[in-house]
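Please keep the sequence and the model open beside the numbered points.

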Amino acid sequence: MRVVVTGVNGQLGYDVVKELEKHGLTAFGLTRKDLDITDKDQVIRTIRDINPEAVINCAAYTAVDLAEEEKEETLSANALAASYLAIACAGIHAKMIYLSTDYVFSGEGEKPYEVCDQVAPINWYGQTKYEGEQAVIRELDSCFIVRVSWVFGKNGKNFVKTMLRLSEERNTVSVVADQIGSPTYTVDLAKCLVAMIKTDKYGIYHVTNEGFCSWYDFAKEIFRMSGKNTTVQPLTSDEFPTKAKRPKNSRLSKEKLTEQGFERLPTWQDALSRYLYELQAENLE
């Protein structure tokens with residue numbers, strides 16, 4: 001199977017390519033230099049020339065606060081580009097995975113969101129990702145929409161790396177305690193995506209590591225596991241204002257994974273332990 005992976009330099013794309021190769025699949029990892037996903041003609045031409053059986057779209061505009069200012073750029077990368085890739089896939093009868101986000105929901109209540117629940121984005125990033133979902137579904141029948149949350153991996157910036165850096169700079173950090181979700185390790189997520197792309201069980205899925213916590217809980221566990229003595233102070237969202245409003249409830253139900261026979265991811269604590277070991281091993285090289 002030939003699979004194109006966009007955004008190969010990002011946290012997720014990097015691990016998806018590694019996982020595809022583990023399964024003996026032929027991965028075509030594309031960077032922004034290789035393919036401008038916001039250029040429709042280039043997208044259609046490139047996908048046609050490679051002629052893959054599947055495309056996994058890991059490229060996106062993910063700077064949530066900056067998205068409130070750079071609205072056109074965000075819309076182009078997250079929604080228009082998704083439609084171009086879907087059109088290209090339809091033209092060669094390829095399947096596609098589109099990575100979306102918990103931010104498509106309003107974040108109200110405490111119940112985990114099901115895949116069929118009403119969407120109501122409260123920031124521009126979430127809105128553009130939802131429009132991307134709709135564009136893919138509109139253009140392509142053989143598609144997977146995969147909503148994820150709180151992603152961390154080897155490449156790029158993430159919350160874990162930020163906390164570890166701050167622990168070297170100060171004795172106390174303040175972290176939001178009233179936003180609840182599931183940290184998600186790209187290595188585990190990649191395994192699920194590759195398992196999906198080998199099937200025709202199309203539809204909308206939620207994929208995160210198991211268990212829920214607040215950013216505050218997550219930070220405390222990062223410091224505990226890494227042997228840091230950094231004190232974590234809880235904040236409310238109101239005490240830590242951001243340009244883009246964040247959902248307080250980012251809990252996602254993974255029942256659809258179970259229903260369709262896909263293996264659910266390990267707990268987020270297990271994932272964090274393995275990730276910290278990976279970072280430590282990298283630093284020793």
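**Notes on the model**

1. In H6, the residues Thr186, Val187, Asp188, Leu189, Ala190, Cys192, Leu193, Val194, Met196 and Ile197 are buried, where buried means under 20% relative accessible area, exposed means over 50%, and partly exposed lies in between (1.4 Å probe, protein chains only). Ten of the twelve residues of H6 are buried, so this helix is largely enclosed by the rest of the structure. Helices (H or I, at least four residues) and strands (E, at least two) are DSSP runs, numbered from the N terminus.

2. Please bear in mind that this is a predicted model, in which local features need pLDDT of at least 70 and side-chain atom pairs count only at pLDDT 80 or more, while totals for chains, interfaces and linings use all residues. Residues are numbered from 1 along each chain as its sequence is written, and side-chain values use heavy atoms, with hydrogens and water left out.

3. The twelve residues of H6 should span 16 Å, and the end C-alpha atoms are 16 Å apart, which agrees.

4. The search of the whole structure finds 14 aromatic pairs; rings of Phe, Tyr and Trp (its six-membered ring) pair if their centres lie within 6.5 Å, and planes under 30 degrees apart count as stacked, over 60 as edge-to-face and the rest as tilted. Tryptophan 150 and tryptophan 215 form a stacked pair, with 3.7 Å from centre to centre and 20° between the planes. This pair links distant parts of the chain, since tryptophan 150 is in the loop between strand S5 (143-148) and strand S6 (151-152), and tryptophan 215 is in helix H7 (residues 215-225), 65 residues apart. Tryptophan 150 counts as buried at 9% relative accessibility, and tryptophan 215 counts as buried at 16%.

5. Phenylalanine 152 and phenylalanine 218 form a tilted pair, at 6.0 Å centre to centre and 50° between the planes. Phenylalanine 152 lies in strand S6 and phenylalanine 218 in helix H7, so the pair ties together parts that are 66 residues apart in sequence.

6. How many salt bridges does a search of the whole structure find? The search finds 14, where a salt bridge is a side-chain nitrogen of Lys or Arg within 4 Å of a carboxyl oxygen of Asp or Glu. Arginine 246 forms a salt bridge with aspartate 65, and their closest N and O atoms are 2.6 Å apart. Arginine 246 lies in the loop between strand S12 (231-235) and helix H8 (255-259), and aspartate 65 in the loop between strand S3 (54-57) and helix H3 (71-92), so the pair ties together parts that are 181 residues apart in sequence.

7. Arginine 274 forms a salt bridge with aspartate 270, with the closest N and O atoms 2.9 Å apart. Being four residues apart in helix H9 (residues 268-284), arginine 274 and aspartate 270 are separated by about one helical turn. Arginine 274 is partly exposed, with a relative accessible area of 29%, and aspartate 270 is partly exposed at 35%. Asp188, Asp270 and Arg274 are linked in a network of salt bridges, and Asp188 is among the buried residues of H6.

How values were computed: The expected span of a helix is 1.5 Å times one less than its number of residues.
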